[in-house]
Amino acid sequence: MHWIDWSILGVLLMYIVWDGTRRGKKADSIEGYLLAGRSMPWWAAGLSVMATQASAITFIGTTGLAYTEDMRFVQVYLAIPFAMILICAFLVPYFSKKKSFTAYEVLEERFGLSTRLLTSGLFLLSRGLALGAVIAAPSYVLSLLLGFPLSATIVIIGTLATVYTMFGGVAGVIQTDIKQMAIMMFGLIFCFGLIFSKLPVDVGFGDALYLAGSLDKLTALDLTFDLSEKYNVWSGVFAALFLMLSYFGTDQTQVQRYLTTKSVADARNSLLLTAYAKVPMQFFILLLGVMLYVFYIFNEAPISFRASEPVAKTEQQALIEQQLLTDYEAARTTRRETALQAINQRTKSQQDAFLAADEAMNTARTSDLKLQASISQTDVNDTNYIFPYFILTVVPIGVVGLIVAGIFAAAMSSIDSELNALTTVFIVDWYRRLKRTPATEAHFLKSSRGVTVAWGVIATLSALALGETKSIIELINQIGSYFYGSILGVFVLLLWVKQATARGAFIGLFSGMLAVFTFDRLYYSEILSDYSFFLPWSAVPESYSKAIEFLWLNPVGTIATVIIGCTISLLFSQKDH
Amino acid sequence: MLSNTFTTLSYLFALPENSSKNWNAIYLGVFLLGLLFIAVFWWFTSTYNLP
């Protein structure tokens, strides 16, 4: 990067750390530190909810997903408006009435301490694991952009976020989230405009849509019902409804945002902001990824966005790689020419010629990636490197620093919220609840700051251990899916099943998780027409694939928890009461 | 200033602060918005996705 970009990046990062740190000065109690004295305006809490969700993964993972596949991922968010209605109507007034610090605190009154500890413990486990991935994602990008080792980048991001979250508390988190959201949105809008300014003069927005549509990249809605398909309208509306209800209604990273507001109405308004804005925002980001694909039809694109140097180790490998590169370049030139002809003539034959050239180019690209994988024996998926490559090679000096700061900001806006939520759950649901000797507010305040640092260290270490795995965006959702549905099931029992007992909720929760595990390990072979169950440590034959995709695990967990919870409660009702 | 802007917007969207709101009407609006998103994406896909 140019020194101007370094300066902009440095100044913005220092400003974020300073701004976050100073917000915690007034906090003299854990309510002030962890809930900002319940005094935050609704719009600030609402923007913080959005910033927490819009992480660096949104920046790089979602654009990469649209580039390599299509826009179907947007369907995951279709359930948000419906989920928000249910949360605003039922959960928000409940939390407000109980004046709780955490989502899990309210469970103790009905279902006992064990259920509270189990649900909060699952939160600590799942979010603690996911936090490593949230730090690792932007670190990949920044290590590429800045030429830093991956491990050093992870340590820098983890340290900065931990420092201002430790000093600033939730007020610091929310105030910095607002600024971080603004920087991130500026970066996205700027890149969108830049793409169009770099297209050939005779290629307009309609032409870009025509080319993307020809390539089947504008599929935003898939009506096919298939449990083994990751993204379709059914999984997006019904299965993801359970995920969104659990995420926004029972996950402390989100619940804590609206617990900082002063009234039920403010808490509802903050959530409805996400209901209005989240889906259009995701659509825009995915469209940006598709437009990047169109951009690289007319501009030079590398065969791999990740490796710029040949990886061949033998002469034969070098020859194969050279041949692939020649095929790729020839197909790329043909694709550009046929694209221009397809735009001008809009005939089926020209469209087919363009599609054939695109397929030839992608065949060469896929073959090269496979060759790289076989030589280096590592993951060579470059999905998360496409947008960073664009930033590095196309964005002008000065703005690069701002966008890199935006990626930093997006990462930190998610990390800070999670550090703060993990601290709140650990202090309120575990430490303060189980502490036998009385302690002062000052003691808990000091402990909260110490625990924030501890979580920051754990998160950074888990990010270092995580290394590079498959597309991070899916990994995080998968981690959540193992617990989310079952925890939601406990809240369903709490709100709507009067007969539910502590024993029912506790066993129901375990049963829900067991059901999720069972369905997750269920595989199907189309060739053999056979369903088989494979344990995590057993090898899955190539002909088998997952029978049920991860979004559907959420309703499985909720339904199993509710059914088993109700049954156990009714069977032992007399004894328990 | 930011606070005032958002408060003004909340009035424009019939979400006045510190007054009794018809939450059921708001929920109906959000529900219809959710359906609108689905309809728009269906239209977008069927209009622009060509194969």
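Me: Which residue in β2(A) stands opposite A:Ser525?

Reply: In general, the strands of a sheet pair through backbone hydrogen bonds, in either a parallel or an antiparallel sense. Here A:Ser525 stands opposite A:Asp530 in β2(A). Strands are DSSP runs of E with at least two residues, helices are runs of H or I with at least four, and both are numbered from the N terminus. This model is predicted, so local features need a pLDDT of at least 70 and side-chain atom pairs count only at pLDDT 80 or more, while totals for chains, interfaces and linings use all residues. Residues are numbered from 1 along each chain as its sequence is written, and chains are lettered from A and ligands numbered from 1 in the order in which they are written.

Me: In what sense do β1(A) and β2(A) pair, and over how many bridges?

Reply: Strand β1 (residues 522-525) of chain A pairs with β2(A) in the antiparallel sense over 4 bridges; two strands count as paired if DSSP finds at least two bridges between them. Further opposite positions can be followed along the pair: A:Tyr523 faces A:Ser532 in β2(A), and A:Leu522 stands opposite A:Phe533 in β2(A). The hairpin of these strands has 4 residues between them, and there A:Ser529 takes a positive phi near 50°.

Me: What is the order of the strands in the open sheet of chain A?

Reply: The open sheet has 3 strands in the order β2-β1-β3 (chain A), with antiparallel pairing. β2 (530-533) and β3 (544-546) of chain A stand at the edges with a single partner strand each, so one side of each lacks a neighbour in the sheet. From one strand to the next, the twist averages 35°. β1(A) and β3(A) run antiparallel and are joined by 3 bridges. A:Ser525 has A:Tyr544 as its bridge partner in β3(A).

Me: Is A:Lys99 buried or exposed?

Reply: A:Lys99 is exposed, because 12 other C-beta atoms lie within 10 Å. A residue is buried with 20 or more other C-beta atoms within 10 Å of its own, exposed with 12 or fewer and partly exposed in between, the C-beta atoms being placed from the backbone. A:Asp216 has 13 such atoms within 10 Å and is therefore partly exposed.

Me: At what angle do the axes of α9 and α18 of chain A cross?

Reply: Two packed helices are described by the angle between their axes and the distance between the axes. The axes of α9 (residues 233-250) and α18 (residues 484-496) of chain A come within 9 Å and cross at roughly 70°. α9(A) is therefore roughly perpendicular to α18(A). Axes are lines fitted to C-alpha atoms, for helices over the stretch in contact, with angles from 0 to 180 degrees between N-to-C directions. Angles under 35 degrees are roughly parallel, over 145 roughly antiparallel, 65 to 115 roughly perpendicular and the rest oblique.

Me: Which residues of α7(A) and α11(A) make their contact?

Reply: The axes of α7 (residues 150-197) and α11 (residues 264-298) of chain A come within 10 Å and cross at roughly 30°, and the two helices are therefore roughly parallel to each other. A:Leu188, A:Cys191, A:Phe192 and A:Ile195 of α7(A) make the contact with A:Ile285, A:Leu288, A:Met291, A:Leu292 and A:Phe295 of α11(A). Residues are in contact if their C-beta atoms, placed from the backbone, lie within 7 Å.

Me: How many residues does each chain give to the contact between chain A and chain B?

Reply: Chain B gives 21 residues and chain A gives 24 residues. On the side of chain B that touches chain A, α1 (2-12) and α2 (23-48) of chain B each supply at least two residues. The largest share of that side, 12 residues, comes from α2(B).

How values were computed
Two residues are in contact if their C-beta atoms, placed from the backbone, lie within 7 Å.
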